[in-house]
Amino acid sequence: MSDPARFDLDPKLAAKLKFNDAGLIPVIVQAEGTKEVLMMAWMDDHALAHSLATRKGTYFSRSRNEYWIKGMTSGHVQEVVSIAADCDGDTLLMVVRQTGAACHTGTRTCFDDRKLPCAQ
């Protein structure tokens with residue numbers, strides 16, 4: 001998808017956030033209820049404004065250089081419950097009601113089977 005319906009981020013809200021040099025901010029996506037971490041993605045001010053206005057998880061793909069609304073092609077949609085900024089305003093935490101898989105590989109989360117060994 002090239003550009004979802006245009007929404008603008010409230011300037012007062014934007015002033016509280018720290019976007020990186022590319023104009024992006026990381027967002028950790030968490031499942032409502034279970035609190036499991038589903039995925040990590042990137043948003044710019046437009047994707048954040050769209051997510052807030054429509055309650056649909058909307059992101060900016062760095063590799064494809066375009067917007068994507070989670071579930072538009074897969075049906076695995078994210079209904080946004082809440083979005084919070086961390087204490088520094090440089091990372092977002094988005095709580096969602098996830099339908100189906102969150103990961104593009106088809107797994108429930110992007111962190112299902114990639115555990116790294118930790119020293120004992």
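Author: Happy to! Keep in mind that this is a predicted model. The UniProt record, an unreviewed entry, lists residues 39-111 as "domain: Phosphoribosyl-AMP cyclohydrolase".

Let's begin with Met 40, which belongs to strand β2, residues 37-43. Met 40 counts as partly exposed because its relative accessibility is 35%, between the cut-offs of 20% and 50%. Together with Val 37 and Phe 111, Met 40 makes up a nonpolar surface patch with about 250 Å² of accessible area.

Now look at Thr 109, in the segment after β6 (92-98). Thr 109 has a relative accessibility of 3%, which is under 20%, so it counts as buried. Leaving out residues up to four places away in sequence, Thr 109 touches Glu 36, Val 37, Leu 38 and Cys 103. A polar atom of the Thr 109 side chain also lies 2.8 Å from the backbone nitrogen of Phe 111, one of the patch residues.

Finally, turn to helix α2, residues 45-54, where His 46, Ala 47, Leu 48, Ala 49, His 50 and Ser 51 are buried. The cover over these buried residues includes β2, β3 (58-61), β4 (66-69), β5 (78-85) and β6. At the start of α2, the backbone nitrogen of His 46 has a side-chain oxygen of Asp 44 within 3.1 Å. After the helix comes Arg 55, with a positive phi near 65 degrees.

Key
Residues numbered from 1 in each chain as written. Predicted model: local features only at pLDDT ≥ 70, side-chain atom pairs only at ≥ 80, totals over all residues. Heavy atoms only, no water. UniProt positions renumbered as here; feature names shortened; annotations may be inferred. Patch = residues over 30% accessible without salt bridge, like charges linked within 9 Å, V, L, I, M, F, W, Y side chains within 5 Å. Areas by Shrake-Rupley, 256 points an atom, 1.4 Å probe, with all protein chains shown as cover. Salt bridge = Lys/Arg side-chain N within 4 Å of Asp/Glu carboxyl O. Helix = DSSP H or I, 4+ residues; strand = E, 2+ residues; numbered from the N terminus. Buried < 20%, exposed > 50% of the residue type's maximum accessible area, 1.4 Å probe, protein only. Polar contact = N/O pair within 3.5 Å; in protein donor to acceptor, adjacent residues only side chain to side chain. Contact = heavy atoms within 4.5 Å.
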